Amino acid sequence: MPSERVQQQIEKLREEIRHHEYRYYVLDDPEIPDAQFDALMNQLKKLEKEHPELVTPDSPTQRVGGRPREGFVKVRHSVPMLSLDNAYSEEELRSWERRVHELSGRKSVEFVCELKLDGMSLALRYEGGKLVRGITRGDGTTGEDVTSNVRTVRSVPLSVALEKLRKAGLPAGFEVRGEMLMPIASFKRMNEEREKHGLSVFANPRNATAGTVRQLEPSITAQRRLDFFAYILIASQESGGTGAPARAAIFFDNQWNMLNALDATGFKVNPRRALAKNFDQVWEFIGQWEEKRETLPYEIDGVVIKVNDFGLQRQLGFTGKAPRWAIAYKYAARAGITLIEDILVQVGRTGKLTPVAALKPVPIGGTTVSRATLHNMDEIERLGVKIGDWVEVERGGDVIPKVTRLVDDKDHPRGHKSFHMPEKCPVCGGNIARTQGEVDYRCVNQKCPAKLRETILHFASRGVMNIDGMGDALVTQLTERGLVRDIADIYKVTKADLLSLERMGDKSAQNVLNEIERSKQLPLERVIFGLGIRFVGERTAQFLAEHFGDMNTLMNAGEEELQQVEEVGPRIAKSIVEFFSEPKNRELVEELRAAGLTLRGKKKERGTKLAGKTFVLTGTLANLTRDEAKKMIEDAGGKVTGSVSKKTDYVVAGSEAGSKLDKAKGLGVAVIDEEQMRELLSK
């Protein structure tokens, strides 16, 4: 048994970490630097690893844990999550206010004004002060249990001290509802990462939030840095949080006091709210934030106005689908009509070509807009736009302005010059490729200056050439100063070059040079992966290296020959051929050869014992990790997939196997354990 001193040390660390999480993620006012916070967290992790029996679900270390989920469970809401009626003009809002006065019989009514956050509604249930469930809105009556993902959001308390609840006049069992959202900075960063890896991007932060909350892999949710703002509380009178829930009116007289209580108990409540004595003050708040919405770090699409008094809320009641005591005033879309003077092509970090409309400058939402994205050729064809057309341009928050529709009337004549994508990259003159079934055109030249920084970062990263020390800051300086113009230039960098950079001492420079030299010894598959060929990941690179044995043979292979490689289909084969058909990429390979990198390997014939057999792994195996089991199956010619179907030959089930095991039994798929899997391999 751990000593009382150790238990106290662990609890003290948890309280300290919770305090700093609250300062950073809720108040946006950190007291200590990130390195100091990380040190506290690492200290707690170390103690919990030494004493696993002391780990609790609400420990700060448990925000992300466990295996990916295999589906979401439906959960019925304690109280329906209703939508709000909308108002789009001052006249509509005044009509709602008049109805409130008429139905209540009161001349004076107080209102609470809150920003209408553009995210997704979420309900959080707490029992004994601890988070037990996170539920999406769903259809308003039934939502999905997304607790594992909610736990990764730092502004969501995993527990609330009972002392805080008592001071706020709340029981230990309660439910908080609010808005989950993705800050604009997180949205941009996530889309850049998705584009970098050839994935589709999200249209707006709201869609990104919904997609993130419903991820089956909690660690992905954690990476995307969501935020949560509380705006309503539903409390149970029972201390344990069981039984029929009651409205917050049992504990508070009004909405304003309830928001303050949520704030006091550690929930993030939007400070941009106001208590309005009359309609004029409501309208002033609406106008104020319509002007200032550009300054916010997240998207809003209006203001929610609620009757403050809970007694009056009960008196006003509900219509069939919405409360009579609340309404959402929606801001008009920020748009303007202007002329497309030209269509230019922008080359992004991943080589993606994006058509951009060069506009006659037009003021929209307090900013003059002269550029707007047209996304891709499919969008241009859908809109039917030409150079010289008049179009409507919409702008939202910090999201890039976009052309939303063609304006075609007597006051806005049509243009006559059609746009076509260039045959060569406008930045480097390299070849342009468009993968069948995709909408995007891309530059395939890995020396293209437009995507240089991302190319270098990928090549030097841990899972590729593993050049420790060559991170963001160093790569930015090397590329901006022209010291590195392609990945082969990494091997030409001198100590004098490195010492000329900011924050680079003699020892650090030598360490980087040592890492660069060491990377030359890495095997062929790492170099193939490092080239950044589209659709060629770590696993495919390994199969290519094993099949061809050297870079020259791979470079000269045709699509048909490439498709003989395991897991290489027509799309990957075409991408590889396109890559090596670009002369500059072949030059790059020769420069890497001259630098001394390993461009030859050993051909490897995979076994055939399990050829044609498909496996699914589920649960925890006794002696193997999933990666180890997967490699053993693949080395024997088998294939491992992530989902069970009628085509699955075997499901290898360990302890705590989930829904995949149930599905296998339902489909009549053979279920085996680790020992039986080894027997198949030994036959």
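**Entry 1: nonpolar cores.** I looked up the largest nonpolar core, which has 56 residues; Met 470, Tyr 491, Leu 498, Leu 544, Met 551 and Phe 580 touch the most other members. I note that at least two residues of this core come from each of several helices, among them helix 13 (452–460), helix 16 (506–519) and helix 21 (570–581). I record here that the model is a predicted one. For Phe 580, I set aside residues up to four places away in sequence and found that Phe 580 touches Leu 531, Ile 533, Met 551, Leu 554, Met 555, Arg 586 and Val 589.

**Entry 2: Glu 48.** I located Glu 48 in helix 2 (residues 34–50). Glu 48 is buried, because its relative accessible area of 5% falls under 20%. I found a polar contact of 2.8 Å between the side chains of Glu 48 and Arg 14. Beyond its neighbours within four places in sequence, Glu 48 is also in contact with residues including Val 55 and Gln 62.

**Entry 3: aromatic rings.** I found twelve aromatic pairs in the structure. Tyr 329 and Tyr 331 form an edge-to-face pair, 6.1 Å centre to centre with 80 degrees between the planes, and both are buried. Phe 615 belongs to strand 20 (residues 614–618) and Tyr 650 to strand 22 (residues 650–653), so the pair ties together parts 35 residues apart in sequence.

**Entry 4: charges over rings.** I noted the charged end of Arg 273 over the ring of Trp 256, 5.3 Å from its centre. The charged end of Lys 292 sits over the ring of Trp 289, 4.5 Å from its centre.

Technical notes
Residues are numbered from 1 along each chain as its sequence is written. This is a predicted model: local features need pLDDT of at least 70, side-chain atom pairs count only at pLDDT 80 or more; totals for chains, interfaces and linings use all residues. Side-chain values use heavy atoms; hydrogens and water are left out. A nonpolar core is a set of buried Ala, Val, Leu, Ile, Met, Phe, Trp, Tyr and Cys residues joined through side-chain atoms within 4.5 Å. Buried means under 20% relative accessible area, exposed over 50%, partly exposed in between (1.4 Å probe, protein chains only). Helices (H or I, at least four residues) and strands (E, at least two) are DSSP runs, numbered from the N terminus. Contact means heavy atoms within 4.5 Å. A polar contact is a pair of N or O atoms within 3.5 Å; within protein, one must be able to donate a hydrogen and the other to accept it, and residues adjacent in sequence count only if both atoms are side-chain atoms. Rings of Phe, Tyr and Trp (its six-membered ring) pair if their centres lie within 6.5 Å; planes under 30 degrees apart count as stacked, over 60 as edge-to-face and the rest as tilted. A charge sits over a ring if NZ of Lys or CZ of Arg is within 6 Å of the ring centre and within 35 degrees of the ring normal.
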